[in-house]
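Please have the model open as you read.

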Amino acid sequence: MRIELFSISLMLAWMLSPESLVLLGNGIGDQGMAVFPMLVILVALSAGAALIVNHSHLPAQGFGGTLLIREQVGKVAALSLTLSSRLSVTLLASCAMLVTSGFAFNEIFVYWFPNFGFASLLLSCIVLVHIAGQKWARLAQASFMVILVASLVTLLLLGVIGGEGAREVGNQTTTISWTAGANGLLLFLGYDLVVSKERKNQAPMILTVLFFACSIFSLWANLSLKFVDPQRLADSTIPHLLVAREIAPPLGRYLMGIVIISGTCAAVNGFFFFTGRSLNHLAGEGMFPQFLGNLWQGRLLPVVFGIAVTGMMFTGLAGEEILEAYLRGSLLLWLLHVSVHSYAASRYLMRSGRIALAYGVLVSIVCLGVFLFLLFKDDNVVALIRFIVITLACSLAFSIVWLGYIKKLVTI
Amino acid sequence: MKKILFVVLFTFLVSGVPVLAGNVQLMEKDELKSLLGSENLVVLDVRTGRDWSSSEFKIEGAVRAPSADFSSWGTSYAKDATIVLYCA
């Protein structure tokens, strides 16, 4: 039961993160009423991908499917894809969200406390929790998630019960935006962060989480369209705050501030945990340097992540426009990882005689299609391609060198 | 001896930078508030990246002017206007 709760908190950490709320808000503004059927389509697609990559007949080994991808696609591809997608999203999303939470704290709660000071404080606390041990990291994750969900649900209830200043949603515009729709697929990523020591039927849990997230998004979309003009939502960099301010001034702002900060903590803690444990497992398989993966019972990696994120913040990456392109690139790499993971899972299942699950190949193709669509549709396509190519190339180079080195050692 | 010379030179340069930068005044928020709305005032928001996008507050009437694009907006304003750059 504890593992299920922890997996739920990992899955939801990205879906309810401040970055997702911005994606969602902009998507609501772009699509208007069309966001509701779009969310249904997106959750169905995500459920398909989630059920394939977490299928109970897959071997219960590794975190995030790297070992499965190794078996079906190859060692080098598996390691390079894992490193490029997991590390980039862990570091870049953490940097971006920590800075956002710093601003939220400064502007909503304590105006004299420096933004970066708060961001650094949060990061330090998360790293300390990981140094304390896995048990504390899990406890922290659960705590962050409880606060996040409670605050968000309270805000939603206030919006539903309240209503002053609300408009009729039924008369809103409806715009089919394929870009906004494709972006929406990024909202539901996180279903591949399920942690399990043994494979069992996790479909009910996964579907419950996806349904819960979709319900939250739909209710939020309804309130957003009621309280804020869609064009403002589409153009804003803080659409979730605009809505919260209107729902219940001034309480709405404070609640959204708590959502942003607890959501950041949950996402950063979750990423540090999952990526750290993934690399620990790979180290155990000889696919990653053991001294990094296993030293100090695996506590070194979150410290390394913390130092890297601190370096990013203090070199001013948060003040660079290019961070958005890098963050976008890391999310697309995550989607690419899901595509390959789905393909690897469906190949394994088909070889085991489970033909009915060949739809995994279809899921893989759709995810790859959305990856390419979002890549080439982006305003910053050159920077995005450069980031993805360089990240993949670096992780590929590391994988070739490291796996070649290990092979030599084994041969000797 | 070389080390001492380096430290002295470095200290001189660092303390000399404000002089070299010219006469740039700082304005308190109350003073800016009193000037808002006046014709001769131009408020430029020079925040970039997340410093701008994460912030809930933007001064009314401020024009976004990232420092990286200085060449495009640097000569757009009258020299006798009161130009206020804010970054926090």
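1. In chain B, the charged end of B:Lys58 sits over the ring of B:Trp52, 4.7 Å from the ring centre. (A charge sits over a ring if NZ of Lys or CZ of Arg is within 6 Å of the ring centre and within 35 degrees of the ring normal.) In chain A, the charged end of A:Arg138 sits over the ring of A:Phe6, with 4.5 Å to its centre.

2. A word on the basis: this is a predicted model, where local features need pLDDT of at least 70 and side-chain atom pairs pLDDT 80 or more, while totals for chains, interfaces and linings use all residues. Side-chain values use heavy atoms, without hydrogens and water, residues are numbered from 1 along each chain as its sequence is written, and chains are lettered from A and ligands numbered from 1 in the order in which they are written.

3. Over all chains there are 15 aromatic pairs (rings of Phe, Tyr and Trp, the last by its six-membered ring, with centres within 6.5 Å; planes under 30 degrees apart are stacked, over 60 edge-to-face, the rest tilted). A:Phe105 and A:Phe113 make an edge-to-face pair, at 5.6 Å between centres and 90° between planes.

4. A:Tyr326 and A:Phe387 are stacked, at 5.2 Å and 25°. A:Tyr326 belongs to helix H15 (residues 322-351) and A:Phe387 to helix H17 (residues 381-411), so this pair ties together parts 61 residues apart in sequence. (Helices are DSSP runs of H or I, at least four residues, numbered from the N terminus.)

5. A:Phe387 is buried at 11% relative accessibility, whereas A:Tyr326 is partly exposed at 27% (buried is under 20% relative accessible area, exposed over 50%, partly exposed in between, with a 1.4 Å probe and protein chains only).

Terms used: Helices (H or I, at least four residues) and strands (E, at least two) are DSSP runs, numbered from the N terminus.
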